[in-house]
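Biologist: I'm new to this one. Could you walk me through how to read it, step by step?

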Amino acid sequence: WRQYRQACELHLRLAPPAPGPVCNRSFDLYACWGDAVPNSTATVPCPWYLPWYHRVQGGVVARRCGPDGHWVTDDTGRPWQDNSQCEDLAQVQPLQRQAWLLEQFRLLYTVGYSLSLVALVVALLLLLLLRRLRCTRNLIHANLFVSFALRAGAILTRDALLPHGHGHGHPLQLLGMQAGPACRVAQSLAQYCVGANYAWATAEGLFLLRLLVATSGRRCLPAFLLLGWGVPVLFVVPWVVLRYLFENEGCWERNGKVAVWWVIRCPILVAVAVNFVVFVRIVRILVAKVRAHQVSRGDTRLRLARSTLTLIPLLGVHEVIFALAGEGEGGGGLRLARLCLHLLLTSAQGLVVSVLYCFTNKEVQAEVRRGWQRCRL
C-alpha cells in the first residue's frame, strides 16, 4: 500500500495540469484518481496492492464527476465510489461480521465509560464538598477518581473524533480519513490519562501498604501526586515525538511500529506488575493479622475475602491476566472473547471503584445523612 501511495503521489505531482475546470486529482487512501472532466464517470483499475488482486485485476473503481467540477458525494459527505468490482466476495461476509462485532464492542465500552464517568463525578463531589471526609486517604481516593474520570472522558472524546465505518469504502479509508491534529491531540491526551490512571492505582496500593506497615501516610501525599500526574509525562511525551517523526499516520490509532508502541506499553505493564506485587503483599499481611487474631469481632474469613475482592478493582489486578495472555495470541473467537471481557472490565472499573469506595462507604453514608438532616432542619 505504501508503494502504491508513493507511486500515486509521484504520478499526480508530475502529471501536467488539465485545461479547463476538472474534478481534482487525489489519492483517497484506496485508489489513485487523476483529473476528470465534468459530468462524466471516471474509472481506474483496481489497486494492485490488494491481496486478492489476481482475482480482480480486470475490474475498475468508479467515481462520478459532477457538472460543477466537483466529485459527487454520498450521504456521508465523502465522494461516492463504486468498489464492487474490486472486492473479494469470499472475504466480504467475514469482514462485515467482524466489523459488526467490533462496533458492538465499541458500544459496550462506551456505555461502561459513560456510567463510570457519571458515578465518578458524583463521588468526587461528595468527597470534596463534605469537609469531614477530607483526609489523606480520601484525597488519594479523589485523585484516583479524577484519573478514572479523565480516562473515560478522554477515550469518549477520542472516539467521537475518530472516523467510523458507517459509510462505503475500503477499511484503509475508514481508518485514515479526516484524521487531523485535533484527533491526534485527543489520542495523546487519552494515552496520558490512561497512564495517569495506572499510576494512581499504583499510588493507592503503595498508600494502603504503607498504612498496614507504618500506620501513617500523611507525608507521602506530595510524592504520590508526583507519581500519579508527573510520571506519565515521562513516557507519553517521548511516544508523541516518536509517533510524529516515524509513524505520523491517521489518528495514531494503529500501532504498526512495535518499538514505538512499547515506549508507552512497557511502563503500563510495569505498573500492572507493581500493583499485583502490592496486592499479594497486602493480602499476606491481612492473612497474617487474621492468624494472629489482630482482627477483632465478626467472621474474619468473610472480612478477609471481602477486603481482597474490593482490592481487585482498586488496584486493577485483573489486568495481570490480560497482560499474561498477550494481545495477539489465540484464535479469532478466543481473541474476540478476551477483548470483549477486557473492554467490559476496564470500562466499568471506575463505576465499581466509586461504588465500593464512596457510595457504600459507611463514613460517606453517615456524612450524607447528617448533611441531609441539616438541610431538612
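Modeller: Helices (H or I, at least four residues) and strands (E, at least two) are DSSP runs, numbered from the N terminus. Keep in mind that this is a predicted model, where local features need pLDDT of at least 70, side-chain atom pairs count only at pLDDT 80 or more, and totals for chains, interfaces and linings use all residues. Residues are numbered from 1 along each chain as its sequence is written, and side-chain values use heavy atoms, with hydrogens and water left out.

Biologist: What share of the residues in the protein chain counts as buried?

Modeller: Buried means under 20% relative accessible area, exposed means over 50%, and partly exposed is in between (1.4 Å probe, protein chains only). Here, 40% of the 377 residues count as buried. As for the surface, the protein chain exposes about 21,600 Å², and carbon and sulfur atoms supply 63% of that. Those accessible areas come from the Shrake-Rupley method with a 1.4 Å probe; for residues, only the protein chains shown count as cover.

Biologist: And how do I read contacts?

Modeller: A contact means heavy atoms within 4.5 Å. Take the contacts in the protein chain between residues at least 6 apart in sequence: 66% of them join residues at least 24 apart.

Biologist: How many disulfides does the count come to?

Modeller: A disulfide is a pair of cysteine sulfur atoms within 2.5 Å. By that rule, the count comes to four. If you number the bonded cysteines along the chain, the pattern reads 1-3, 2-5, 4-6, 7-8.

Biologist: Which parts of the chain does the pair Cys8 and Cys32 link?

Modeller: Their sulfur atoms sit 2.1 Å apart in a disulfide, and the link is right-handed, with 85 degrees about the S-S bond. The pair connects distant parts of the chain: Cys8 belongs to helix H1 (residues 2-14) and Cys32 to strand E2 (residues 32-33), 24 residues apart. Both Cys8 and Cys32 are buried.

Biologist: Is the link of Cys46 and Cys86 left-handed or right-handed?

Modeller: Left-handed, with -90 degrees about the S-S bond. Cys46 is found in the loop between strand E3 (40-45) and helix H2 (53-56), while Cys86 is in the loop between strand E4 (60-65) and helix H3 (89-129), so this pair links distant parts of the chain, 40 residues apart. The S to S distance is 1.9 Å. Cys46 counts as buried because its relative accessibility is 2%, and Cys86 is buried too, with a relative accessible area of 1%.

Biologist: What about Cys183 and Cys251?

Modeller: That disulfide has an S to S distance of 1.7 Å and is left-handed, at -100 degrees about the S-S bond. Cys183 lies in helix H6 (residues 181-214) and Cys251 in the loop between helix H7 (221-246) and helix H8 (258-291), so the pair ties together parts 68 residues apart in sequence. Cys251 is buried, with a relative accessible area of 0%.

Biologist: Why does Cys135 count as partly exposed?

Modeller: Because its relative accessibility is 27%. Cys220, in contrast, is buried, with a relative accessible area of 6%.

Biologist: What does Ser147 touch?

Modeller: Not counting residues up to four places away in sequence, Ser147 touches Cys193, Ala196, Asn197, Trp200 and Trp229. A polar contact of 3.1 Å also joins the side chains of Ser147 and Asn197. A polar contact is a pair of N or O atoms within 3.5 Å; within protein, one must be able to donate a hydrogen and the other to accept it, and residues adjacent in sequence count only if both atoms are side-chain atoms.
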